[in-house]
Amino acid sequence: MAILIKEEIITKSAAAQLGHSSREATPTCYIAKPAQAPDVSEVLNRLGALVSERRGGGS
């Protein structure tokens, strides 16, 4: 949720600064998207182990 809010505020601010009448062009043309998502595999592995443990299938 926080990321969505942050991105929305950044997009609105950028559109206003650039004088865009519509915010739709701003993210497409001016806000770069990361080429690759950060590696969160360690967190996902811990989460998977926790869920497995709670279901009685611990390792």
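I start with L50, which sits in helix α3, residues 41-54. Helices here are DSSP runs of H or I with at least four residues, strands are runs of E with at least two, and both are numbered from the N terminus.

Before going on, the ground rules. This is a predicted model, in which local features need pLDDT of at least 70 and side-chain atom pairs count only at pLDDT 80 or more, while totals for chains, interfaces and linings use all residues. Residues are numbered from 1 along each chain as its sequence is written, and side-chain values use heavy atoms, with hydrogens and water left out.

The cut-offs are under 20% for buried, over 50% for exposed, and partly exposed in between, with a 1.4 Å probe and protein chains only.

L50 also belongs to a nonpolar surface patch with V40, V43, L44, L47 and V51, and together they have about 490 Å² of accessible area. Patch members have over 30% relative accessible area and no salt bridge; like charges are joined within 9 Å, and nonpolar side chains (Val, Leu, Ile, Met, Phe, Trp, Tyr) within 5 Å. A salt bridge is a side-chain nitrogen of Lys or Arg within 4 Å of a carboxyl oxygen of Asp or Glu. Areas come from the Shrake-Rupley method with a 1.4 Å probe, and for residues only the protein chains shown count as cover.

On geometry, the 14 residues of α3 should span 20 Å at 1.5 Å a residue, and the end C-alpha atoms are 20 Å apart, which agrees. The expected span is 1.5 Å times one less than the number of residues. After α3 comes G56, with a positive phi near 90 degrees.

Now helix α1, residues 2-18, where A16 lies. A16 counts as exposed because its relative accessibility is 62%. Its C-alpha is 9.5 Å from that of T26, 10 residues apart along the chain. K12, also in α1, is partly exposed at 43%. K12 and E24 are 12 residues apart in sequence and 9.8 Å apart, C-alpha to C-alpha.

Overall, the protein has three helices and zero strands. Of its 59 residues, 5% count as buried.

Last, confidence. Mean pLDDT, the predictor's confidence in each residue from 0 to 100, is 79 for the protein, and 78% of the residues score at least 70.
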